[in-house]
Amino acid sequence: MNVQIILFIVLASVAAISSVVMITRKNAVISAVFLVLNFFALAGLYLLLNAQFIAVVQVIVYAGAIMVLFLFVLMLLNTETEHKLFADKRAIKFFAILISAFVFVQVAYLIFHGSPSRTLTSDEAASVKAGTIQAIGQQLYTNYIIPFEVAGFLLLAATIGALVLAKKKFE
Amino acid sequence: MSSIPMECYLILSAFMFCVGVAGVLTRRNAIVVFMCIELMLNSANLTLVTFSSYLGNSIGQVFVFFVMTVAAAEAAVGLAIIIAIFRNKKTVNIDEINIFKW
């Protein structure tokens, strides 16, 4: 067996299992920790796909910044556990699983029906070149310069918005 | 990379998206609902990176960069809204936050 296949199986099963564990735990903090595990597995998968820059950003931004924010708010609010909600909402759970299974079957059918790997021949050298910071930065600062600036502005607006919303009183 | 067919990544991504959908529908803690939305955004990112890598084209990864930016902004504003709601209603249970319901 190829090393890449073994790595893919390990990382994919970690990602899948941690996502399922995340939505089934009653304690929200444990959910957050499993979401971090899921993000790390995804970063590994990005490395396997030769996307080095995105893998590093995934760890720094998602697993680092966003999840720290989530855990901070979770521990700040000290929310009650969801015991009573897990016990008596069987119908909602059943329909939720039904709906998501339906969506999954549809998407899986489309993926296998379209079967993109039949027409798409992967080129290892081009794939490695596409994932480097150089290639992404070149795109960001030439063709996508306006969206890049808008993204910066969006982050500024989000910072101010978060400050205003989290303040004690609106003025 | 070439030894793994593309469908494996796409199926994993679809599975994670559906787990996120189930989480949004079943969980009643607003913060956990937010985390499920992050999971769905990440599964979409995995699809984008897969296609970008197999096509040898970096534009898909540029899009992932923008998705991460929007996710960070959304998490900051969303958590601020949850804090504001918690300050007023002393709960983050989305069944009890129904002031817009009529």
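1. A residue counts as buried if 20 or more other C-beta atoms lie within 10 Å of its own. Ser13(B) has 24 other C-beta atoms within 10 Å, so Ser13(B) is buried. Please keep in mind that this is a predicted model. Ser13(B) sits in helix α1 of chain B.

2. Which residues does Ser13(B) touch, leaving aside those up to four places away in sequence? They are Ser43(B), Leu46(B) and Thr47(B). Helix α2 of chain B covers 30–55. The C-alpha atom of Ser13(B) is also separated by 8.7 Å from that of Met40(B), and these two residues are 27 apart along the chain.

3. Now chain B as a whole. It has 3 helices and 0 strands, in the order α-α-α from the N terminus. The radius of gyration is 17 Å, while the globule rule gives 13 Å for 102 residues, so chain B is more spread out than a compact globule. Its C-alpha trace spans about 55 × 25 × 20 Å along the principal axes.

4. Burial and contact range in chain B are worth noting. Of its 102 residues, 52% are buried. Take the contacts between residues at least 6 apart in sequence: 46% of them join residues at least 24 apart.

5. The contact between the chains takes 75 residues from chain A and 64 residues from chain B. On the chain B side, α1 (6–26), α2 (30–55) and α3 are the elements that give two or more residues. Which of them gives the most? It is α3(B), with 22 residues. By class, this side of chain B has 46 nonpolar, 14 polar and 4 charged residues.

6. One helix pair across the chains deserves a look. Two packed helices are described by the angle between their axes and the distance between the axes. Helix α9 (residues 145–166) of chain A packs with helix α3 (residues 59–89) of chain B at about 10 degrees, and the axes are 8 Å apart. Angles under 35 degrees count as roughly parallel, so α9(A) is roughly parallel to α3(B). From α9(A), the contact residues include Leu154(A), Ala158(A) and Leu165(A). From α3(B), they include Phe66(B), Val70(B), Ala73(B) and Ile81(B). This contact has 18 nonpolar, 3 polar and no charged residues.

7. Within chain A, look at helix α2 (residues 28–48) and helix α3 (residues 52–77). Their axes come within 8 Å and cross at roughly 175 degrees. Angles over 145 degrees count as roughly antiparallel, so α2(A) is roughly antiparallel to α3(A). Among the contact residues of α2(A) are Val36(A), Phe39(A), Phe40(A) and Tyr46(A). Among those of α3(A) are Gln52(A), Gln58(A), Tyr62(A) and Phe70(A). The class count is 20 nonpolar, 2 polar and no charged residues.

8. Helix α8 (residues 133–141) of chain A can be read by its faces. Which of its residues are buried? Ala135(A), Ile136(A) and Gln139(A) are. The buried residues of α8(A) pack against α3 and α7 (124–130) of chain A, together with α3 of chain B.

How values were computed. Residues numbered from 1 in each chain as written. Chains lettered and ligands numbered in written order. Predicted model: local features only at pLDDT ≥ 70, side-chain atom pairs only at ≥ 80, totals over all residues. Helix = DSSP H or I, 4+ residues; strand = E, 2+ residues; numbered from the N terminus. Rg over C-alpha atoms; globule rule 2.2 N^0.38 Å. Buried ≥ 20, exposed ≤ 12 C-beta atoms within 10 Å, placed from the backbone. Contact = placed C-beta atoms within 7 Å. Axes fitted to C-alpha atoms, helices over the stretch in contact; angles between N-to-C directions. Parallel < 35°, antiparallel > 145°, perpendicular 65-115°, else oblique. Nonpolar A, V, L, I, M, F, W, Y, C, P; charged D, E, K, R; others polar.
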